[in-house]
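This report is meant for a reader who is meeting the structure for the first time. Please keep the sequence and the 3D view at hand while reading.

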Amino acid sequence: MIDRALKYLEMLAPDTPRNVQYIEGVVAAGLVAIALTLGWYLSKYIGPKLRHLWEARAGYESELAGRRIRDMTRRATTFILCGIFLAFYPWHLIARWSFRSRSR
C-alpha cells in the first residue's frame, strides 16, 4: 500500500528528486499527524467516559484524575499507532526519526 502511494507521489511530481527518504519522511509525517489527531479525538470523546467509569469505581470525583486519563488516552493512542506504522513498513532514516520523535 505504501509502495503504491510512493509511486503515486512520484507520478504527481516527476521533476522532483527521486530521493525515497524525503518522500517517506513526508508520508511518515502525515501518518504521525493522523495518529496525533486520532489520539486527540479519542481523548476528547472517550476520555470523559473513562473518567466517569473511574469515578464510579473509585467513589469520588477528581479533576486531576480526569486530566490524567485524558492525557494517557491521547498519548497511548498516538504511541500505539506510531508503533504500528513503524512496524508496518521498512522505513528509512528520516521517516523512522519522524515516528520516534513525535511519539515521546
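How many aromatic pairs does the structure hold? In this predicted model, the structure holds 1 aromatic pair. Its members are Tyr 41 and Tyr 45, whose ring centres lie 4.6 Å apart and whose planes meet at 50°, so the pair is tilted. Planes under 30 degrees apart would count as stacked and planes over 60 as edge-to-face, which means that an angle between those limits is called tilted. Both tyrosines belong to helix H2, where they are 4 residues apart, about one turn of the helix. An α-helix has 3.6 residues a turn, so residues three or four places apart point the same way. Tyr 41 is partly exposed, with a relative accessibility of 43%, and Tyr 45 is partly exposed with a relative accessible area of 43%.

**The chain as a whole**

The chain has 5 helices and 0 strands, and from the N terminus on its elements run α-α-α-α-α. Of the 104 residues in the chain, 28% are buried. The accessible surface of the chain comes to about 7700 Å², and 63% of this surface belongs to carbon and sulfur atoms. Among the contacts in the chain with a separation of 6 or more, 62% are between residues 24 or more positions apart.

In soluble globular proteins, nonpolar side chains tend to be buried together. Here the largest nonpolar core has 13 residues, and the ones with the most contacts inside it are Leu 6 and Trp 91. The elements that give two or more residues to this core are helix H1 (2–12), helix H2 (20–45) and H4, and H2 gives the most, with 6 residues. Leaving aside residues up to four places away in sequence, Leu 6 touches Ile 23, Glu 24, Val 27 and Tyr 89.

Another leucine, Leu 36, has its place in helix H2, and at 40% relative accessibility Leu 36 counts as partly exposed. The C-alpha atom of Leu 36 is separated by 7.7 Å from that of Arg 74, although the two residues are 38 residues apart along the chain.

**The salt bridges**

Side chains of opposite charge can pair when their charged atoms come close. How many salt bridges does the count come to? The count comes to 2 salt bridges, and the table sets them out with the distance between nitrogen and oxygen.

| Salt bridge | N to O distance |
|---|---|
| Arg 51 and Glu 55 | 2.8 Å |
| Arg 74 and Asp 71 | 2.9 Å |

Arg 51 and Glu 55 both lie in helix H3, 4 residues apart, which is about one turn of the helix. Arg 51 is partly exposed, because its relative accessible area is 24%, a value that is not under the 20% limit for buried residues. Glu 55, by contrast, counts as buried, because its relative accessibility is 13%.

Arg 74 and Asp 71 are 3 residues apart in helix H4, so about one helical turn separates them. Arg 74 is partly exposed, with a relative accessible area of 27%, and Asp 71 is partly exposed as well, with a relative accessible area of 23%.

H3 is followed by Gly 59, whose phi is positive, near 90°.

Ser 62 is found in the loop between helix H3 (47–58) and helix H4 (63–88). Is Ser 62 buried or exposed? Ser 62 is buried, because its relative accessible area is 18% and buried means under 20%. Not counting residues up to four places away in sequence, Ser 62 touches Arg 51 and Glu 55, the two residues whose side chains meet in a salt bridge. The C-alpha atoms of Ser 62 and Arg 51 are separated by 8.8 Å, and the two residues are 11 residues apart along the chain.

Methods: Residues are numbered from 1 along each chain as its sequence is written. This is a predicted model: local features need pLDDT of at least 70, side-chain atom pairs count only at pLDDT 80 or more; totals for chains, interfaces and linings use all residues. Side-chain values use heavy atoms; hydrogens and water are left out. Buried means under 20% relative accessible area, exposed over 50%, partly exposed in between (1.4 Å probe, protein chains only). Contact means heavy atoms within 4.5 Å. A nonpolar core is a set of buried Ala, Val, Leu, Ile, Met, Phe, Trp, Tyr and Cys residues joined through side-chain atoms within 4.5 Å. Rings of Phe, Tyr and Trp (its six-membered ring) pair if their centres lie within 6.5 Å; planes under 30 degrees apart count as stacked, over 60 as edge-to-face and the rest as tilted. A salt bridge is a side-chain nitrogen of Lys or Arg within 4 Å of a carboxyl oxygen of Asp or Glu. Accessible areas come from the Shrake-Rupley method with a 1.4 Å probe; for residues, only the protein chains shown count as cover.
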